[in-house]
Structures are given as structure tokens and as C-alpha cells.
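Let's take a look at the pockets in this one. Have the sequence and the model open as you read.

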Amino acid sequence: MDIREEMRQVADRAREASRKLSRISTEVKNRALMDMAEQLLQQSSHLMQENKKDVTFAVKSGLASAMIDRLTLKESTIQDMATGIREVAALSDPVGKVTSMWRRPNGLMVGRMRIPLGVIGIIYESRPNVTADAAALCLKSGNVVILRGGSEAIYSNIAIGRLLQDVLKKHSLPEAAIQVVETTEREAVYELLQLEEYIDLIIPRGGEDLIRAVVRQSRIPVIKHYKGVCHVFVDADADLDMAANICINGKTQRPGVCNALETLLVHRDAAPRFLPEIARQLREKGVELRCCEKTRVFIPDADKAEEDDWYREYLDLILAIRVVDDMDEAMDHIARYGSLHTEAIVTKDYANAQRFLSEVNSSTVLVNASTRFSDGFQLGLGAEIGISTTKLHAYGPMGLEELTTTKFIIYGNGQVRV
């Protein structure tokens, strides 16, 4: 069987499973999800053994350290996966909810009801935890999912996928509701992206090159974010200890993820007190600094920032720093160089905080908190299917509700149109 036919069969099974899954009760879905979480924990040794094959090959292949970090499964990672699935099970099921209802002058009652999107294709790199997170969110929201991970995580993804399918079978749910594409042939991705009559939505998760390639090739709608150029603006009256903690956390806690801090903007009035100390703390953590000329007055041995640095998603222990005259200049910088992902302000000024929340147009905006909170799990979504910087139809971290749409429902009493 060639790749085209194989992918068509995968998609056909998914479409058939979608019709069945849409009728499954919340209680049945929740029981299956809780069992999935338990099985992940019980089979953690097997999952880490399969993952070790991927990591070993990745190291030999020279895969970047940030990618290897995302690839590696540890006990804590599997525990987080199980916790995320349990949280999804505990969330309210959006499917079937009537979000509004109104009466027309002719007596018709018109409402909107949430329904699953249908069949969702996830194209992703490195992160095997995406296999479990995406499967859980799709199952709870009544969607069927086709998962195509990168070749670097093939053993991990297959192991997780088969475990989840075993649970579906145990609970008399369609096994094709969760399918992992088991071929590493790149052609498989292209063929999936052509199947618009079977697949309703594509969500790519990975580097900018992957996402742009998916957008170019897909005949199916794509929800995407190209990169995470995340900013923190330290205002003139900021609590500088708080600002330092937020910056250190945002840059160093896990630098290889899309919500890590990439550019620090500092008000000129705070710069003399803040910059020498934050430079010292960042360098203790091994962070390389690339700074504008105004910043280098206070950090004279820092590297000079080039124009390209302001656009960069480093995914590494590198930070760009710029001194700005005021909040307007900070917001102008974010509007010009940002990626609509995540921005934060550190300030004691309530008016400035409210203005920043209102005027910064990114998908997640924070006051006095780390950019690392731009994450579905951290925001109470249980897990996330991805982060969208595309305003149609979701924006920011995507959870259950973002995996549904609404249809019109109408109650009549014999009305006819005249």
C-alpha cells in the first residue's frame, strides 16, 4: 500500500469514528480518560524505555539541546501527563451546551449549541507529551484526532498511542478516535494535508519552519503560531526584586519553549538601578546578553544587539535587552517585533497595567507575572492542544472550548416564512 492510500484509510477511519464519538456521553468519556491517566503511570517504565530509543538516536544525530529537552520523558513528565488528563476529565464538557437562546418576533426560539469540530490533525515535533495531551482534549471535546509526530519521537509516540487505543477498546469506544501515524515518511504529512473532505482542522506544533511548511501545503484550515517572541516590560516604578524574579524565571526556567522570555524592555528611569543587578543574576545562570546602546551604558561588556535580535526566538540562554523612554515606546517595540504570543508588564501603576492589558494585542498579556504562565495547564485548561496566534477561531492557549464550534438550534411552533 502506498503512502497516499495509507493516509486516506487513516482519515476514513477517523471520519467514521467521528460520527460515533459525537454520541458518547460525558460519563463514558471521563471514565476512559481516568483510565488513560492510570495506565500512563502503570506503564511509565515501558514508556521511558521506548523514549530512550528516541533520545539515544537524537543525541547521535546532533539534535539541538532544546529539542532533546522537549523529547525526553521522565517520571515527572509522565506524572504531569497523567495529571493533565485527570484535569481534563474534571472539566465541564462543552459538547451540547446551549450558549445562548433568544425569541424572535414570530415566536421562534433561536439558540446556539456547542458541537465538536470533527476530525483534527496534529502535526508536531519532539514532544511525546503532546500525544497524550492532544488525545485527552480531543476525546473530551468529542473530536477524533490523527497524530503525526516527528521521526525523532516515533517510538515514544507509538507506545503512548497504542496505550491510549487499548483504553478506548476497553471502554467500547472507537479505537480510530485516536490514531498515531506510524510511518516516518515525510510524504505522509503532505498526503494528510490534502484530505480536506475527511479532516476539519490542522494544528501544527513545533518550530517556525515546520509550521510555515504546513501552512503552505495544507488544503485544510490551519491554526498556528509561528514563534514566541515574548517580552517583559519593566516599568519605571516596578518592584525590582519582583521584576528580577519574573525575568529569571521567564528566561532560565525552561529556555527552549515558546513562552520563554526573549526580549526584556526596561524603562529608562528603572535602568540604572535594575540593569546591572539583573545582568549579574542572568549571567550567573549562563545567559548571554545582547543589548542596545542605551543598555550597554549600564552593562558595558554586553554584546551589541543587531536589528535581527529583536525578531529572534532564541529558544536558548540568550536574551535581548533594550532601554525604552516610556511605555508607549515599549508597546511600539512589541507591536513591531512581537509575534502575538505573550507579553508581560511589571509595574505598581494600576493605570499603566490596565492600559498595557488593553492596548497590547498579543494572545496572552500578563501583569506582574512570568510569561511562562502562558500555558493551558497553568491557566486551568487541564492541558492544551496548542497556542494560537491566529485570531480565527481561537487565540492563545487552546483548551476544550476552543475545540468546539457552535451550530444554530431553532424551536418552532409551526412557523413558515412569508
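## Who lines the largest pocket

H5 is the top contributor here, giving five residues to the lining of the largest pocket. This is a predicted model, by the way. Helix H5 spans 75–90, and the other elements that give two or more residues to this lining are helix H4 (65–71) and helix H6 (129–140).

## Space and centre of the largest pocket

The largest pocket holds about 850 Å³ of space. A total of 32 residues line it, and if you want to find its centre, look for Asp80, Asn129, Arg254, Arg372 and Asp375, which are the closest to it.

Next up is the second largest pocket, with a volume of about 470 Å³. Its lining is made of 19 residues, and those nearest the centre are Glu125, Arg148, Arg186, Val189 and Leu210.

Which elements each supply at least two residues of this lining? They are strand E3 (119–124), helix H8 (187–193) and helix H9 (208–217). H9 gives the most to the lining of the second largest pocket, at five residues.

## Lining classes in the second largest pocket

Sorted by class, the lining of the second largest pocket comes out as nine nonpolar residues, with five polar and five charged.

Methods:
Residues numbered from 1 in each chain as written. Predicted model: local features only at pLDDT ≥ 70, side-chain atom pairs only at ≥ 80, totals over all residues. Heavy atoms only, no water. 1 Å grid on protein atoms, 1.4 Å probe; cavity = no way out; pocket = protein on both sides within 12 Å on 5 of 7 lines; lining within 4 Å. Points joined across faces, edges and corners; volume = space filled by probe spheres on them. Helix = DSSP H or I, 4+ residues; strand = E, 2+ residues; numbered from the N terminus. Nonpolar A, V, L, I, M, F, W, Y, C, P; charged D, E, K, R; others polar.
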